[in-house]
Amino acid sequence: MTIKPLVLLPDPILRETSRPVERFDDQLRTFADDMLATMYDAPGIGLAAVQVGEPLRMLVIDVSEKDEEPAPMVVINPEIVASSDARNVHEEGCLSIPDYYAEVERPAGVTVNYLDLDGKQQTVEADGLLATCLQHEIDHLNGVLFIDYLSKLKRDMVVRKFKKLAKDRPPARMVG
């Protein structure tokens, strides 16, 4: 498994709409393993493919507690088919916006249809942290970041800070 470099704000790829996964093969399975390794290493509880530079409609999640057995999910071509009227507020962070956290209000529960690594249709009914994480990662696939739910003033402040950090960062090296 390979730990991939994370794409950070303000990289414009984070604003792209990801394309559907069409091939379910060993290459996709290896990529899913790499995404999970990257997520665990960060450490995080969710990661969208676009966050490692691949604008594919694919994400990985593991919301298990530290003392529990890991419970990784690989979610491909997800679609939210139902959302609860009830709302939840969770403090969210993002591996592409390191060390910034904010409270975001979202539907408390969602039903998501997706494909697994074998291309088989699956459905998950989620609430609590899993529902929040699924919505956060699916937003990434649509070019939406959690800071988009904040006031314009707060969002602009975060974007300015990360643009300045990006200028001060050495350019990423491509590894072939």
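**The second largest pocket**

Analyst: Let's start with the helix: H2 is the biggest contributor to the lining of the second largest pocket, giving six residues. Keep in mind that this is a predicted model. H2 spans residues 128-141, and strands E4 (87-94) and E5 (97-107) also put at least two residues each into that lining. The pocket holds about 500 Å³ of space. Its lining has 24 residues, and the ones nearest the centre are Gly44, Ile45, Gly93, Cys94 and Tyr101. By type, the lining splits into twelve nonpolar, eight polar and four charged residues.

Now for the annotations. An unreviewed UniProt entry gives "binding site" for Cys94, His136 and His140. These are spread over 47 residues of sequence, yet they cluster in space, with a largest C-alpha distance of 10.2 Å. Cys94, His136 and His140 are part of the lining of the second largest pocket.

Take Cys94 by itself. Cys94 belongs to strand E4, and its relative accessible area is 9%, so it counts as buried. Setting aside neighbours within four places in sequence, Cys94 is in contact with His136 and His140, and also with Gln51, Tyr100 and Phe146.

Over on helix H2 you'll find His140. With 1% relative accessibility, His140 is buried, because the cut-off for that label is under 20%. Again leaving out neighbours within four places in sequence, the contacts of His140 include Cys94 and Gln51, along with Leu14, Glu16, Ser18, Ala48, Val50 and Leu145.

One more annotated residue is worth a stop. UniProt lists Glu137 under "active site", again in an unreviewed entry. Glu137 is placed in helix H2, and at 3% relative accessibility it is buried too. Not counting residues up to four places away in sequence, Glu137 touches Gly46, Leu47, Ala48, Gln51, Leu59 and Ile61. So Gln51 is on the contact lists of Glu137, Cys94 and His140, because each of them has heavy atoms within 4.5 Å of Gln51.

Definitions and conventions: Residues are numbered from 1 along each chain as its sequence is written. This is a predicted model: local features need pLDDT of at least 70, side-chain atom pairs count only at pLDDT 80 or more; totals for chains, interfaces and linings use all residues. Side-chain values use heavy atoms; hydrogens and water are left out. On a 1 Å grid over the protein atoms alone, a cavity is a set of points where a 1.4 Å probe fits but cannot get out, and a pocket is an open set with protein on both sides within 12 Å along at least five of seven lines; lining residues have an atom within 4 Å of a point. Grid points are joined across faces, edges and corners, and a volume is the space filled by probe spheres set on the points. Helices (H or I, at least four residues) and strands (E, at least two) are DSSP runs, numbered from the N terminus. Ala, Val, Leu, Ile, Met, Phe, Trp, Tyr, Cys and Pro count as nonpolar, Asp, Glu, Lys and Arg as charged, and the others, Gly among them, as polar. UniProt positions are given in the numbering used here, feature names are shortened, and annotations may be inferred rather than shown by experiment. Buried means under 20% relative accessible area, exposed over 50%, partly exposed in between (1.4 Å probe, protein chains only).
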